[in-house]
Every structure is written in structure tokens, then in C-alpha cells.
Amino acid sequence: RVPLSSTALTGTATCAWSTSSTNSASGGVQCWGTGPSSQPPASFAAAVTDIVGGTNHACALLADRSVRCWGEDRQYNVYAADPANYAGPIPKGSAAVAPAGLSDVQQIIAGDDYACALKTDGTLACWGSNRNAVFAPAGVTGDRLFGDHEAPPCLRRATTRAIECWG
């Protein structure tokens, strides 16, 4: 048995990672299931600190505060909200993709066809489909991010401690 550090449920797979894994090349991430998110990358650039799952994609937060995602990219939820970057599902064993322009991340969530990151300065960055208005209005800041692939994203405001949700 290997103790799990975190798990992520997607619509078609379950992923888990462990800091005590003997498979350090994969960051200790393993996935099971039938969809594209069940095929994690062969390796990560830094240690994995968390994983989250959307409907058909998953993302890992790394110790260097960067994010890597894999799985189906129907709504540009893996790459960014830029159709020019669309390449379809990432082949099994490929390197995970870093969402464009994203760095200094402290927390991530993944939704149906989107993902969001809370940066260390309290700003929120979301990418993928915004079909249900799940992206927070510009300028919104907070200190804790909530959500999963079946719920809209929510953010706790740092100053008031109020929880705001979108979508």
C-alpha cells in the first residue's frame, strides 16, 4: 500500500498521487479509467503538490507553482482559452501542457470544461469554456478557491471572508 496525498475524480477517470511513490518520474501520479484524463504524462518538471479533475481533463499543481494539464481539450481547458492552441487530446506518455501565461499559482480547481488557478497575489485566472459564466469578473481577488467538475467555482474574499460563486 502507498498512502495517497490527493485524489482527483474526472468524468471518466480517477487520478491519485503520493509523495511516497517509488515512481518519481511520473510525480507519483497514477490514473485509472477510460477517457483521455486517464492517461497522465510520463513525467513532470517539478514535484506534484496537488491534482484536480474536470470532466475529461486533469491538472497538477507543481512545487515550482506552475500548472500542467492533460486530457481532452474540447473547450481549450488544457491549453488556454485560445483556439489557435487547440491540438486535441494529448497522447499518452506526452509531456503535460502548461496553460499559457500562468505562473505563481497557489491553488487549482477544475470544472466541467474549464480550470481556474488562484495565484499567490490573490488574483484568479480561469481558462477553458465560459459557457455558463463560470469565470469571475475581472479584478476579483481572494485567498481560497472552491469548486469541482460538478459545481461552479467559488472564491473566499480575503478581506471580508465572504464566499462568492459564479456560473
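Guide: First, a term: buried means under 20% relative accessible area, exposed means over 50%, and partly exposed lies in between (1.4 Å probe, protein chains only). This is a predicted model, where local features need pLDDT of at least 70 and side-chain atom pairs count only at pLDDT 80 or more, while totals for chains, interfaces and linings use all residues. Residues are numbered from 1 along each chain as its sequence is written, and side-chain values use heavy atoms, with hydrogens and water left out.

Visitor: Okay. How many disulfides does the structure hold?

Guide: Three. A disulfide here is a pair of cysteine sulfur atoms within 2.5 Å.

Visitor: Take Cys116. Which residue does it join?

Guide: Cys126, with 2.1 Å from S to S. Cys116 sits in strand 8 (residues 114-119) and Cys126 in strand 9 (residues 124-128), so the link ties together parts ten residues apart in sequence. Strands are DSSP runs of E, at least two residues long, and helices are runs of H or I, at least four, all numbered from the N terminus.

Visitor: Why is that disulfide of Cys116 and Cys126 called right-handed?

Guide: Because the torsion about its S-S bond is about 105°.

Visitor: And is Cys116 buried or exposed?

Guide: Buried, because its relative accessible area is 0%. In strand 8, six of the six residues are buried. Tyr114, Cys116 and Leu118 point one way, and Ala115, Ala117 and Lys119 point the other way.

Visitor: Which way do strand 7 and strand 8 pair?

Guide: Antiparallel, over five bridges, with strand 7 covering residues 105-110. Two strands pair if DSSP finds at least two bridges between them. Ile109 stands opposite Cys116. A hairpin through three residues joins strand 7 to strand 8.

Visitor: What about strand 8 and strand 9?

Guide: Antiparallel over five bridges. Tyr114 faces Gly128 there. Their hairpin has four residues between the strands, and Gly122 takes a positive phi near 90°.

Visitor: New topic. Where do Cys59 and Cys69 lie?

Guide: They form a disulfide, 2.2 Å from S to S. Cys59 is in strand 5 (residues 57-62) and Cys69 in strand 6 (residues 67-71), ten residues apart. Cys59 and Cys69 are both buried.

Visitor: How far apart are the sulfur atoms of Cys154 and Cys165?

Guide: 1.9 Å. Cys154 lies in strand 11 (residues 151-156) and Cys165 in strand 12 (residues 163-165), so this link ties parts eleven residues apart in sequence.
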